[in-house]
Amino acid sequence: MIKRILSCGLLTCLFTTAVFAQKKPDFIPFINQKHAWVDSVFNTLTPKQKIGQLFLVRAHTNLGEKYIDSVAKVIEKEQLGGLVVFQGGPVRHANMFNKYQKASKVPLLITFDGEWGLGMRMPDSTISYPYQMTLGAIQNNSLIYDMGRQIAKDFLRIGMHFNFAPVVDINNNPKNPVINFRSFGDDKNNVTQKAKAYMDGMVAGGILASLKHFPGHGDTDVDSHYDLPQLKFDKKRLMELEIFPFKELIQAGAPSVMVAHMNIPALDATPNIPSSISKKVVTDLLRNELGFKGLTVTDAMDMKGVKKHFPNGEADVMAIAAGHDLLEVSENSGRAIDLIEKAIKSGRISQADLDARVKKVLAAKLWLGLNKYQKVNTNNLINDLNDASSKTLVQRLADAAVTVVKSDRGLRRFDNKRKTAIVSIGIDKAQDFEKGMASQLTDFTQIYVKGNENEGQLDSLMKLARDHKQVILAIHDNRSRPRSELELSEDVKMFIDKLAGRRTISVLFTNPYALNSVDVMRSSSVVLTYQNDGFMQKAAIKLFTKQLKATGKLPVTINKDLKFGEGI
């Protein structure tokens, strides 16, 4: 059994982590060098355990103790390399990590999809930062760097080491069903700059970051969770657009790249082959042509985009043969390990190549300090993950993102003593924006339009709204994720069109592409906040109270009149 340091006082742990983070060497050279600890661990592993180090198993705490125990048995039996963490709660997660680390011969690498922080999987108990599309509007990239540092701090506090972020896909398809608001936008330079700030912040904070989804998932209209998307562009276009951020960020020292499940004939003409398991994509293009020497990781191997055409574990074998270091969420890791062992014996996979990848994964664990693994202390954990400085940073990001896309004249003339109608679309009770504005206005009427009213009801509400000197039209997208189109009836859209006049200030708490769903551009001012969360609603209130001057710029081109980079 490999000896590990298993406990220390919480303050000592945090101090050690902070010092180690400050003194970390550059990741890419480090994992490609020889290390005594790596060799000593490697030499204790059986052939199957070596293969197991390349697998990341799914972990939840919201599916009950039986599920948690079943994963523990897999870890103990197969000695896998790490976890991909999904939904649950912080304390339950930390206890689960402690349990799994105890069952593992080698410290586990714990990974997480935290594009907007821990709140992406634990929204009810941890902080969510703005979506990347919202961040794409920010002009001060140092704020995004600070966010990366803070997210790294939260990861280390809960016992995680590796964030599958940032998304560097260029969202040049407004109807993209899977990337969309998860992208920094449709301009390759802006995407690259924002992603670098986020990546650098996380790495400086002591965790790993992974660019995704190589070679670029932004111009697809199929979700690879459910089917295999195809990109039919030639290589020249791919290199100049989709691959551009990856190339730039690899040169800037990106620690990891996640490869997507997409069929790209220009890169590999094999019928139906996903990029994630293509040697031509992973080794020839990413490794050799782009010179990437960090960790490659597959997108989840249980997605239909990869297993549809290569079922029964064949995709897992092909992923290793393609050149990957880590496989995320195999459908059956035990079966995959057996198949890979057979592929090594048959000469399909080189033992030397596999050993080199295992040592690289172990070196990543060494870089993270897992040779001196510390048990997660759950005392005060939730408070630590929701501290005041994090909440302040969220609001600073929101304030910096809010964008005035048409004239600030209405906002400048806004008078909180004037008789005002607040017309809120898409909700039936006050949210943070309505509550905040109500506290600022001396004479106002609140009107709600849920979105399914008939023509007669809407006519009555129109008359009521027009009986006011000034109108605030607030359009909310109350769905869990902001989409490109608003789900409103044609009657409600007509109502919005009629109400959006010179006495009206329109505020949209929704996806920027939703500006194509409604016509609000006749309003005296139009404010875009990108999402419906409370921090964006509070930022919008600051515009009305003159506490904030909008500095955000559009991260995407919405139509011929609203183009990337515009904002008052």
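**Notebook: strands, crossovers and a helix pair**

I began with strand 2 (residues 82-85), where both faces are covered: G82 and V84 on one side are buried, and so are L83 and V85 on the other. Buried here means under 20% relative accessible area, with exposed over 50% and partly exposed in between, using a 1.4 Å probe on protein chains only. I took helices (H or I, at least four residues) and strands (E, at least two) as DSSP runs, numbered from the N terminus.

A note on what I am looking at: this is a predicted model, in which local features need pLDDT of at least 70 and side-chain atom pairs count only at pLDDT 80 or more, while totals for chains, interfaces and linings use all residues. Residues are numbered from 1 along each chain as its sequence is written, and side-chain values use heavy atoms, with hydrogens and water left out.

**Around strand 2**

I looked up the neighbours next. Strand 1 (residues 55-59) pairs with strand 2 in the parallel sense over four bridges; two strands pair if DSSP finds at least two bridges between them. I found G82 as the bridge partner of L56, and A59 opposite V85. On to strand 3: strand 2 pairs with strand 3 in the parallel sense, again over four bridges, and L83 has I110 as its bridge partner there.

Right-handed means that, with the strands pointing away from the viewer, the path from the first strand over the helix to the second runs clockwise. Strand 2, helix 6 and strand 3 also make a right-handed β-α-β unit.

I then followed helix 6 (residues 90-103), which lies across strand 1, strand 2 and strand 3 (109-112) and runs at about 160° to strand 2. For such angles, axes are lines fitted to C-alpha atoms, for helices over the stretch in contact, and the angles run from 0 to 180 degrees between N-to-C directions. Contact means heavy atoms within 4.5 Å.

I traced an open sheet of eight strands in the order 7-6-5-4-3-2-1-8, with parallel pairing. Its edge strands are strand 7 (295-298) and strand 8 (327-328), each pairing on one side only.

**Strand 12**

How many residues of strand 12 are buried? I found seven of the seven (residues 470-476), so this strand is largely enclosed by the rest of the structure. Q470, I472, A474 and H476 cover one side, with V471, L473 and I475 on the other.

Strand 10 (residues 420-425) runs parallel to strand 12, joined by six bridges, and I425 stands opposite I475. Strand 13 (residues 504-509) is also parallel to strand 12, with six bridges, and I475 stands opposite L508 there. From strand 12 the chain crosses through helix 22 (residues 490-499) to strand 13, a right-handed β-α-β crossover.

**A helix pair**

Last, I checked helix 20 (residues 432-440) and helix 23 (residues 534-544), whose axes come within 8 Å and cross at roughly 30°. Helix 20 and helix 23 are therefore roughly parallel. Angles under 35 degrees count as roughly parallel, over 145 as roughly antiparallel, 65 to 115 as roughly perpendicular and the rest as oblique. Among the residues that meet are D432 and F433 in helix 20, with G534 and Q537 among those in helix 23.
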